[in-house]
Amino acid sequence: MKTESKLQKLLDSGHFAVTAEIGPPKHASAHGIRHHAQMLKDYVDATNITDCQTAIVRLSSIASAVHILDCGLEPIVQMTCRDRNRIAIQSDLLGAYSLGVRNLLCLSGDHQKFGNEPSAKNVYDIDSIQLIYLMRRMRDEKLFFSGEPIKEHEPRFFIGAVANPFADPFEFRVARLEKKVEAGAEFIQTQCIFDMERFERFMEMVRERGIHERVHILAGVTPLKSWRAAKYLQTSVSGMIVPDDIVERLKKADDPKREGIEICIEQIKHIRTIPGVHGVHIMAIAWEEVVPEIVERSGLYPRPKVE
Amino acid sequence: MIIAQQKPIKDIAAMIEDCKKVLLVGCAGCVTVCLSGGEKETEVLASSLRIMRRLQGNPLETVTITATRQCDPEYIEPLENLVKDVDAIISLACGVGVQYLAERFHDKWVVPAQNTMFVGGSRTHGVWEERCGLCGDCILHRTGGICPIIRCSKSILNGPCGGSQYGKCEISKDVDCAWQLIYDRMKALGKLDKLMEIQPPKDWSKSRDGGPRKAIREDVMIG
Amino acid sequence: MVGGGIAGIQASLDLAESGYLVYLVESSPAIGGTMPMLDKTFPTNDCSMCILSPKLVECGRHLNIKTYTCADVVDIQGEAGNFTVTIRQRPRYVHVDKCKGCGECAEACPIDVPSEFDQGIGEHKAIYKPYAQAFPNAYVINKEHCIECGACEEACQAGAIDHSMEEEIIELNVGAVVLCPGFQKFDPSQLTYYGYGKFPNVLTSLEFERILSASGPFQGHLVRPYDNKEPRRIAWIQCVGSRNCRIDHGYCSSVCCMYAIKEAVIAKEHSKEPLETTIFYMDMRTYGKGFEKYYNRAKDELGVRFIRSRVYDITEVGDESKNLRIRYAEEDGTIREEEFDLVVLSVGLEPSPEIAELCQKVGLEVNKYGFAEPAPLTGVGTNKPGIFIAGAFSAPKDIPETVMQASAAAGASASLLAEARNTLVKEKEFPPEKDFSGEPPRIGVFVCHCGVNIGSVVNVPEVVEMARNLPNVVYAGEYLYACSQDSQASMKQIIEEYGLNRVVVASCSPRTHKPLFQETVREAGLNRALFEMANIRDQCSWVHMHEPDRATEKAKDLVKMVVAKAALLEPVSQIVAGVTKAALVIGGGVTGMTSALSLADLGYRVHLVEKEQQLGGVARRIRQGLKGEEVQPFLNDLVNKVLSHSNIEVHLGAEVQTTAGYVGNFVTTLTNGKELQHGVTIIATGGEEYKPAEYLYGESERVFTQLELEEALDKGDPRIENGKTFVLIQCVGSREPERPYCSRVCCGKSVKLALKLKEKNPSASVFVLYRDIRTYGFLEDYYQEARRKGVIFIRYTPENKPRVENENGALKVTVTDHVLGVPVVISADVIGLAAAIVPSSSNRKLSQLFKVPLNEDGFFLEAHMKLRPVDFTSEGIFMAGLAHGPKNLEENIAQAKAAAGRASTVLGKDHLESHGMVAVVQQDKCAACLTCVRLCPYNAPRIRNYAAEIEPLLCQGCGTCAGECPNKAITLQGYKDHMQMSMSKALFEEV
Amino acid sequence: MRLQYSSNIRIIEMPCSGTIDHRVLLQAFEDGADGVFVAGCMEGDCHFQKGNYRAKKRVNAVKKLLDEIGLGGDRLEMYNLSAAMGPRFAEIANEMTERIRQLGPSPLRKNKAGTSRKEGDVA
């Protein structure tokens, strides 16, 4: 289903897409967001804005999206099911669309336990797959979640979802991806990949089921600043696999940051060779400024233009 | 059963600090079975409070009794003559018992001695686990007899989410991922295809989100 | 019963409980034997006295056990079923019935005599009681030292002393005799090179036990008797008077290895200072159940040092420390010297000399060492029908095996005298109990002076006066000896006169005297539970001797408290249930069949269940017993007896499906659908031979297990016939991490096989590769013989096991010789593997069905390692044979009879009574929370009709459930919370 | 053995330390005991398998409670010894007496008790 999303046009026309991630600040100034948007706008096709990532209170993703649009970059608004019930979600997304947001990424959201409001009550009125399904239905069948018709001006988002090839049970991961596609996901951004071997097995299963022909898969990558960062992801973040050799490589490196960037570039280059992958999603956590170099040196610059 | 755990003794004492005489009411129902509010606990609490108060030079008089259940009016009716001359009632039952006492003895100060935790069962002696979210609309037949509403920390109906790893939930290594359990069970039962169906949003109006609930059985109502 | 040690006590109790009258004859002044002298017991480290004393009391009080102490059996005439036994009763000079054991006589006696009980380290008076818990609880005069000064007579308020007593000859008519005279310890002074008797710091192991014992001469403080200093380095020397042909002690004493390790372990515990312990040994023979683990723990965790060596001699270092220097040769011949503060000689066991004479007179066969010669494959029989043996007299033995054999002897005697059962036993008659329900308590308080024991410290009249004014007390009086005959009489009369419905006695220890007083009140028509005791002797006068006022004050408090409790006492009626006079025996091997036969001969119905299609079990594969007994004829005979016995119903190809009920009343269904009613269950599931994965077993047809080798040998298999070189490898699958126990029989078996191979072909070379040769007891003789006949024994270590390779058809064995330390290569024609004995595969299922425990190794776990070796904690269920642990045929037979003996104590009764005080459930308060069900080690509680109920016949009265019950629905009779609370209230209330 | 020990100890006999209930321990303090100790068999050596082990758990629970309510858990202790360990008993008796002397008399003996009444359970 056609939308006004540039990202969708790019992907549909067979280009290898590049998206990045911008984490909104823990304050009320958009200065940083705008700065990053300026910096990234020629190097990526669209940028995700996280929705209170890891359950830490941050500037709203929809508000951030408006600033980013203002800087001439296309935002992908992330919407989690953690903080809003179906009323709030619909209302916020109608608003987002009215402000020019065209891309939507639906997620469950990290549990509040590790955020800065651990005593908060979570909502989880609906889950990510239900959100995908309901937003698709809102667009294509002009229905509110409740089934009540939308008379006019239904929001027409390019709907995305996430997939995590590194979570368990592994053999069900592809099935669940398919479930999301069934629900209406048109593009997929994966969890950041370090265990390339496992990701390739994942893609193999994706291809077996022909899912790559029904959805655009963007492989997630993350440049690491230090071996400690790697170790942290390896041990303390559930649903992540970081092979020891990566930790070792960073440990040995005299300039770990450089090494981190090198590793990331190697990964992107490798990922481009994997059939069925339609783009990369670069999550430079609190390190947005390295994205241009990574894009450039991965041979993904300049970015194609589409009407 | 309902699982409850006793509040810190200091908190309980604080609730009745201005009382001279209190009635402690245990409950021979769930809280006895989960070892937190039977006759034994009731008397241990009474004794502890008395000692505490004597140490403060402000002796406390206690009356203890254990009701067969605190969630049926008939069982608390007989407390009336005991309640008369006390300044407060401490209930060792779950939240239900506390409220039944408060409703029945509306002019009395009724306080809870327990934190009502959840509905669950015992794993081994002394270990209890939550099992039911009281959602009012059971879906266990669709999830291999494992409840994602209460056992998945995100109540996801189309799980498992990306936080599930090595069979554990993202919130803690000691919490099983309910969806891993569901997956394993459905696989063992040869019903994995069921998990491919997209579960529709849940109708929470049947849970407490629809407001305080009431169950009525016309056929058994008397008179 | 000749001998009043643990064997005599156990056998007496078993027989008396099974409906027979027993005469227990003990030569010393008190029963108990050696066990009371021991500090802790291996492998559980239980306190020896703690586990024994209940049995002493039980035996002492038993209506159908008549005990003669200071008495020797001098002749036995007649035959099975009708013997005349002549007893010489030596004078005690104290009337047992009058003596109260108060000890005033000893206080008065001027003469000190070295204490035999303390192995001469401590002293007692010429008038003495061997040890505190002794039964009879009466003093005795040692005339050799007595100077007849008469001081004791004066001191004795009970008039018990009589210097004019004379020897008596008593004749008894009995149907069977059990000889269990025990052993005496080897006297090491004849081995001059150890310097015992010459060097003060060389002790025997038994002396060391007394030093360790809390009741010993040093109250358990580990010091050298020589200078009361704490030793820092102690050495144990093994095989002192054992495995020594030069002095005709060729046999192994079987128990020394374990007791030495135990003493080392306990010594470390007792020692305040860090203590080095070293054991010098030849082979470490920890072959019993749980022993190998104990050994490993001592070695690996507790730091006990083990040196495999031969000790040449001990000398003193020559300074005033009188420390000792041990000169010894290590395996490789290197000679070393080491200094120690204390050396303990692990002395062996010898038959007691007094028995030798009797045996000669009676014509009872003894072996060359003077131990009884048991009739083959009987476990307890002798060449004299009707005369049985038990304990160390039949061979050196530890306590559990002694107890086991004692129960077996009891079982055998019982079977022999089946018709006479219940003809001579008395049952005490009591008047009907009065019903006091609804009446207010009327309490009588009887305060005892215990001669001057209490009276001289506690102001008894004051206590009585105070008692008189206590609530509910209608009578209070004082007595010189509350326990004396006349006091008892007057007590009954006063109960009558004052219409007492509760009785309190303030005197000595309830442990010894409560049953006595309870009986008295019962005779007066009061329920036993309406009696309480205050111990104002052990808790007041004795322990506060120098503060009479405070002692009196305490005595008053104790009386106050007990009176307060007494007011709340309620009558307790024993629960009585009938007994199904039938047994279920699971397992149709030799063990199961033997148990079945013994019980069937006693006239009980027996259901014998065997999962195979034929009887016989693993014994079908055994050709010869360790003493060369022909097993197959024996087995066939046994099978025929079983099949033709009218009381035995054999269920072949069947297993237990479900079981329910409790002692006396079990209902079990079999897989063949049959439902069986039975009063007892004996689990004799046997064991299996481990299928080795090592040493090319299964790959080469010339590698056999022991059993296969025996079969092949017997069939004249060409592989054996033409074999020139044989290698037998020990510990295959045993003493390994996954099976950390010793299989016990393999060493003896291999030695026998080696001898047979040599016999067949003297020119054949036979090698035995071993870790320790564990030919305990008289099997040692075969080991010596094998060595004489040229069997080559090569020791290997677990780190450096033999290698077996198949070099194009030829078997090549490589083993590192422990003496030369170089690899020896043997090209073998046949290899025999001493494969482990593994538990039966059905054990796990049975353990769940009957709710009885298994140990880590998968064998069944007995109720008590020492004193209840064939019982389970759940009453009415017993075990025997390999189900319990590895054992040889003879031992299995003994245990089978033991299990039968124990079982007959249940079947012998027409009804079972609950153990006095049991836990009871007030069902309307029960929330069915399962706490009690999960807690009880005896499976007594269960949930029925939505509430708990406790089976009184299974309840042992510990009250753990009552203490934990969340709604206080469970109370323990006689110990209810409010009784204890009333006691503490009374204590602090002013009267 | 007649070893002398401090005379300020009163003994309540139980069939097994496992019988003891939390309430009984607390009651003793309410009645005026300055200290209480429970004497059970050696660990792993319980005549009733695990009674002494349950007792230890309960004693520890009450110690904790006594700390929370301000009387102090030190006034309560569990000891393990065997029937043949007379000297050890004397040692414990003296040890405990000494400890309580250090702590001083129970403050409860100063402040008079508040009464308590226990009603039967409601049928």
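1. How many bridges join E36(C) to strand E43 of chain C? Three do, and the two strands, with E43(C) spanning residues 830-835, run parallel. Within this pair, Thr705(C) is found opposite Leu833(C) of E43(C). Please keep in mind that this is a predicted model.

2. The pair belongs to an open sheet of five strands in chain C, ordered E36-E43-E37-E38-E39, with parallel pairing. Strands E36 (703-705) and E39 (792-795) of chain C are at the edges and have a single partner strand each, so one side of each lacks a neighbour in the sheet. On average, neighbouring strands here are turned by 20° against each other, direction ignored.

3. Now to the cores. The largest nonpolar core has 388 residues, of which Val563(C) and Ile831(C) touch the most other members. Leaving aside residues up to four places away in sequence, the contacts of Ile831(C) include Val703(C), Phe704(C), Val727(C) and Ile729(C). A second, separate core of 102 residues has Ala17(A), Cys106(A), Phe157(A) and Cys177(B) among its members.

4. Finally, the C–D contact: 45 residues of chain C meet 38 residues of chain D. On the chain C side, H25(C) gives the most, with eight residues. That side of chain C comprises 21 nonpolar, 14 polar and ten charged residues.

Technical notes. Residues numbered from 1 in each chain as written. Chains lettered and ligands numbered in written order. Predicted model: local features only at pLDDT ≥ 70, side-chain atom pairs only at ≥ 80, totals over all residues. Pairing = 2+ DSSP bridges. Helix = DSSP H or I, 4+ residues; strand = E, 2+ residues; numbered from the N terminus. Axes fitted to C-alpha atoms, helices over the stretch in contact; angles between N-to-C directions. Core = buried A, V, L, I, M, F, W, Y, C linked by C-beta atoms within 7 Å. Buried ≥ 20, exposed ≤ 12 C-beta atoms within 10 Å, placed from the backbone. Contact = placed C-beta atoms within 7 Å. Nonpolar A, V, L, I, M, F, W, Y, C, P; charged D, E, K, R; others polar.
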